[in-house]
Amino acid sequence: GENVEQHPSTLSVQEGDSAVIKCTYSDSASNYFPWYKQELGKRPQLIIDIRSNVGEKKDQRIAVTLNKTAKHFSLHITETQPEDSAVYFCAASRGRMDSSYKLIFGSGTRLLVRP
Amino acid sequence: KAGVTQTPRYLIKTRGQQVTLSCSPISGHRSVSWYQQTPGQGLQFLFEYFSETQRNKGNFPGRFSGRQFSNSRSEMNVSTLELGDSALYLCASSAGLAGETQYFGPGTRLLVL
């Protein structure tokens, strides 16, 4: 069945360092890959997303890369700050017009940025 | 625009009872998806509604049901509650067939005793 694996489950970095979170998906028909940040007690917030016709996308300190052949996608956060501490979820889905459209989430990565 | 809202925010029920949760999407959004979040299982898809029709359903028992109204507001119902139904229930809205981006509500935290 459809599955998204996410690693690592926890990640601790020093403030200013980079953080990388990796995901692998199983459904080769997936073509939309969002990343969500969830702070304690709050809703998941979309931080960046990428579609399968693009290999990389950047937004200030955040970037996402996609390798469709290997079915891998990764989140890169540079110059980490304490406020980046949260749980990050990757997800994959088919296109919006597909009747099977739904987000399949990874298990989450707890990122801790040490001051 | 106002964000996605969910009511109630917190709920305590006992086993065997039923519960109804409500979700109001972002104005103009016609699609509402529901997810269950638990520490053990993570975020799992329940179902999606678009223009009052259920388009897709996840692997949950028939005790979980939902519906969508003409104003795009959605409700989900869980009957015969079990202890394992304790979770954060999140809804997410998207513009519909025009886009995939889903925006989440704050969730309803359900505790079943």
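**View 1. The lining of the largest pocket divides into twelve nonpolar, 14 polar and six charged residues.** Here Ala, Val, Leu, Ile, Met, Phe, Trp, Tyr, Cys and Pro go down as nonpolar, Asp, Glu, Lys and Arg as charged, and the others, Gly among them, as polar. This is a predicted model, where local features need pLDDT of at least 70, side-chain atom pairs count only at pLDDT 80 or more, and totals for chains, interfaces and linings use all residues. Residues are numbered from 1 along each chain as its sequence is written, chains are lettered from A and ligands numbered from 1 in the order in which they are written, and side-chain values use heavy atoms, with hydrogens and water left out. The lining counts 32 residues, with A:Gln38, A:Phe89, A:Arg110, B:Gln37 and B:Arg109 nearest the centre of the pocket. A pocket is an open set of points on a 1 Å grid over the protein atoms alone, where a 1.4 Å probe fits, with protein on both sides within 12 Å along at least five of seven lines; lining residues have an atom within 4 Å of a point. The space inside comes to about 680 Å³, a volume being what is filled by probe spheres set on the points, which are joined across faces, edges and corners. Chain A brings β9 (86–92) and β11 (109–114) to this lining and chain B brings β4 (31–38), β9 (87–94) and β11 (108–112), each with at least two residues. Strands are DSSP runs (E, at least two residues), numbered from the N terminus.

**View 2. The second largest pocket holds about 400 Å³ of space.** Its lining has 17 residues, and those closest to the centre are A:Glu2, A:Ile104, B:Leu43, B:Gln44 and B:Phe45. Two elements give two or more residues each: β10 (104–105) of chain A and β5 (42–50) of chain B. β5(B) gives the most, with four residues. By type, this lining splits into seven nonpolar, eight polar and two charged residues.

**View 3. β5(B) pairs in the antiparallel sense with β4(B) and also runs antiparallel to β6(B).** Strands count as paired if DSSP finds at least two bridges between them. On one side, eight bridges link β4(B) and β5(B), and a hairpin takes the chain from β4(B) to β5(B) through three residues. Look for B:Gln37 with its bridge partner B:Leu43.

**View 4. B:Gln36 sits in strand β4 of chain B.** At 6% relative accessibility, B:Gln36 counts as buried. Its side chain makes a polar contact with the side chain of B:Tyr89 at 3.0 Å; such a contact is a pair of N or O atoms within 3.5 Å, where within protein one must be able to donate a hydrogen and the other to accept it, and residues adjacent in sequence count only if both atoms are side-chain atoms. Beyond four places in sequence, B:Gln36 touches residues including B:Leu43, B:Phe60, B:Phe64 and B:Asp85, contact meaning heavy atoms within 4.5 Å.

**View 5. A:Tyr25 lies in strand β3 (residues 19–25) of chain A.** A:Tyr25 is buried, with a relative accessible area of 3%. Leaving aside neighbours within four places in sequence, its contacts include A:Asn3, A:Phe33, A:Leu66, A:His72 and A:Ala92. A:Ala91 is 66 residues away in sequence, yet 8.5 Å away in space, C-alpha to C-alpha.

How values were computed. Buried means under 20% relative accessible area, exposed over 50%, partly exposed in between (1.4 Å probe, protein chains only).
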